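Hi everyone, thanks for coming along. I'd like to walk you through one structure today, and I'll begin with a question once it is on the screen.

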Amino acid sequence: MPELSRRRALTAAAALAATAGTASALAPEAAAAGHRPGSPAAFDEVYKGRRIQGRPATGSGHQHHGAGYAVFVDGVELHVMRNADGSWISVVSHYAPVPTPRAAARAAVDELQGAPLLPFPAN
């Protein structure tokens, strides 16, 4: 059996910690909603006086980028996109990735500063 070097031990520990951290970060939201890991939970709340909603898309809107998930601010669809690393961005806060669609909706409300969200034109 090959001897375990310090480098191999540290690499294995880092990989194990990264895997455990990702699973524990996704588990609470996914378990509460009954979804598979990585699938965002639906939400409906009032944030800073604006109603934000998110749910799996049902065949309309811009779901080709949003991984089948729709987000709304005061009933107007907020175009969201899931990045390859699992983070989310929106058309309003495109350069500030966030971990969930709910965080993307909140970031959009913050950026809008009370202005209405205008519908995003379809391609």
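Which residue forms a salt bridge with Arg 106, and how far apart are the closest N and O atoms?

Let's start with confidence. The protein chain has a mean pLDDT of 79, and 63% of its residues reach 70 or more. Among its elements, strand β1 has the highest mean pLDDT, at 98, while helix α2, residues 63-66, has the lowest, at 52. Over residues 29-36 the pLDDT is below 50, although this stretch still has ten contacts in the model beyond near neighbours in sequence. Where pLDDT is low, the predicted coordinates should not be read in detail.

Now the overall layout. We have three helices and six strands, and along the sequence they follow the pattern α-β-β-α-β-β-β-β-α. The chain has 123 residues, and 30% of them count as buried. For those of you who like surfaces, the accessible area is about 8,000 Å², with 59% of that belonging to carbon and sulfur atoms. As for contacts with a separation of 6 or more, 35% are between residues 24 or more positions apart.

On to the sheet. Four strands make an open sheet in the order β1-β2-β3-β4, with antiparallel pairing. β1, residues 43-47, and β4, residues 76-78, stand at the edges with a single partner strand each, so one side of each has no neighbour in the sheet. From one strand to the next, the twist averages 25°. Inside the sheet, β2 (residues 50-56) and β3 (residues 69-73) run antiparallel and are joined by five bridges. If you want a place to look, find Arg 55, which stands opposite Ala 70 in β3. Helix α3, residues 101-112, packs on this sheet and touches β1, β2, β3 and β4, its direction making about 25° with that of β1.

A quick stop at Ser 90, in strand β6, residues 88-90. Is Ser 90 buried or exposed? It is buried: its relative accessible area is 2%, and the cut-off for buried is under 20%. Leaving aside neighbours within four places in sequence, Ser 90 is in contact with Leu 78, His 79, Val 80, Ala 104 and Ala 108.

Back to the opening question. Side chains of opposite charge can pair when their charged atoms come close. The partner of Arg 106 is Glu 45, with the closest N and O atoms 2.9 Å apart. That pair links distant parts of the chain, as Arg 106 sits in helix α3 and Glu 45 in strand β1, 61 residues apart. Glu 45 also forms a salt bridge with Arg 102, here with the closest N and O atoms at 2.7 Å. Arg 102 is in helix α3 too, so this pair ties together parts that are 57 residues apart in sequence. Through shared partners, Glu 45, Arg 102 and Arg 106 make up one network. Glu 45 is buried at 17% relative accessible area, whereas Arg 102 is partly exposed at 30% and Arg 106 is partly exposed at 31%.

The salt bridge count comes to five. Another one joins the side chains of Arg 51 and Asp 44, at 2.6 Å from N to O. Both ends are partly exposed, Arg 51 with a relative accessible area of 42% and Asp 44 with 47%.

That's my tour; happy to take questions.

Note on methods
Residues are numbered from 1 along each chain as its sequence is written. This is a predicted model: local features need pLDDT of at least 70, side-chain atom pairs count only at pLDDT 80 or more; totals for chains, interfaces and linings use all residues. Side-chain values use heavy atoms; hydrogens and water are left out. Helices (H or I, at least four residues) and strands (E, at least two) are DSSP runs, numbered from the N terminus. Buried means under 20% relative accessible area, exposed over 50%, partly exposed in between (1.4 Å probe, protein chains only). Contact means heavy atoms within 4.5 Å. Accessible areas come from the Shrake-Rupley method with a 1.4 Å probe; for residues, only the protein chains shown count as cover. Two strands pair if DSSP finds at least two bridges between them. Axes are lines fitted to C-alpha atoms, for helices over the stretch in contact, and angles run from 0 to 180 degrees between N-to-C directions. pLDDT is the predictor's confidence in each residue, from 0 to 100. A salt bridge is a side-chain nitrogen of Lys or Arg within 4 Å of a carboxyl oxygen of Asp or Glu.
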